[in-house]
Amino acid sequence: MNRSELVAALSERAEVTRKDADAILAAFAETVGEVVAKGDEKVTIPGFLTFERTHRAARTARNPQTGDPIQIPAGYSVKVSAGSKLKEAAKGK
């Protein structure tokens, strides 16, 4: 399912226009992005998803073409965890 299909499904289920559903989806993505960028708290939708920023330590890796070691600096990543209801839905229950 791509974004336009998701917007269509949301608008149908919530009985709102596609324009409103798209605005809500955009606002949700923007809000989650802002909270994760701050990194001081996580966003949790109980039973569905949790978004949080994690720290990755600096490490040494290898260039796959030459085999030379390269330094990868420390940085941040996003961890997305599935909630219990989403896990059950994935099992087909």
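**Reading helices, salt bridges and a core**

Me: Does K91 count as buried or exposed?

Reply: K91 counts as exposed, because its relative accessibility is 58%. Buried means under 20% relative accessible area, exposed over 50%, and partly exposed in between (1.4 Å probe, protein chains only). Keep in mind that this is a predicted model, where local features need pLDDT of at least 70 and side-chain atom pairs count only at pLDDT 80 or more, while totals for chains, interfaces and linings use all residues. Residues are numbered from 1 along each chain as its sequence is written, and side-chain values use heavy atoms, with hydrogens and water left out.

Me: Which residue meets K91 in a salt bridge?

Reply: A salt bridge is a side-chain nitrogen of Lys or Arg within 4 Å of a carboxyl oxygen of Asp or Glu. Here the partner of K91 is E88, at 3.7 Å from N to O. Both residues lie in helix 3 (residues 84–91), 3 residues apart, or about one turn of the helix. Helices (H or I, at least four residues) and strands (E, at least two) are DSSP runs, numbered from the N terminus. E88 has 33% relative accessibility, so E88 counts as partly exposed.

Me: How many salt bridges does the structure hold?

Reply: There are 2 salt bridges. One of them pairs D22 with R3, whose closest N and O atoms are 2.9 Å apart. D22 lies in helix 2 and R3 in helix 1, so this pair ties together parts that are 19 residues apart in sequence. D22 counts as partly exposed because its relative accessibility is 31%, and R3 counts as partly exposed at 44%.

Me: At what angle do helix 1 and helix 2 pack?

Reply: For a helix pair, axes are lines fitted to C-alpha atoms over the stretch in contact, and angles run from 0 to 180 degrees between N-to-C directions. Helix 1 (residues 3–14) and helix 2 (residues 18–38) pack at about 115°, with axes 8 Å apart. Contact means heavy atoms within 4.5 Å. Helix 1 brings R3, L6, V7, A8, L10 and S11 to the contact, and helix 2 brings R18, A21, D22, L25 and A26.

Me: What does R18 touch?

Reply: Not counting residues up to four places away in sequence, R18 touches V7, A8 and S11. R18 is exposed, as its relative accessible area is 55%. R18 and V36 are 18 residues apart in sequence, and their C-alpha atoms are 27 Å apart in space.

Me: Which residues make up the largest nonpolar core?

Reply: In soluble globular proteins, nonpolar side chains tend to be buried together. A nonpolar core is a set of buried Ala, Val, Leu, Ile, Met, Phe, Trp, Tyr and Cys residues joined through side-chain atoms within 4.5 Å. In this model the largest one has 6 residues: V32, V35, V36, V43, L49 and F51.
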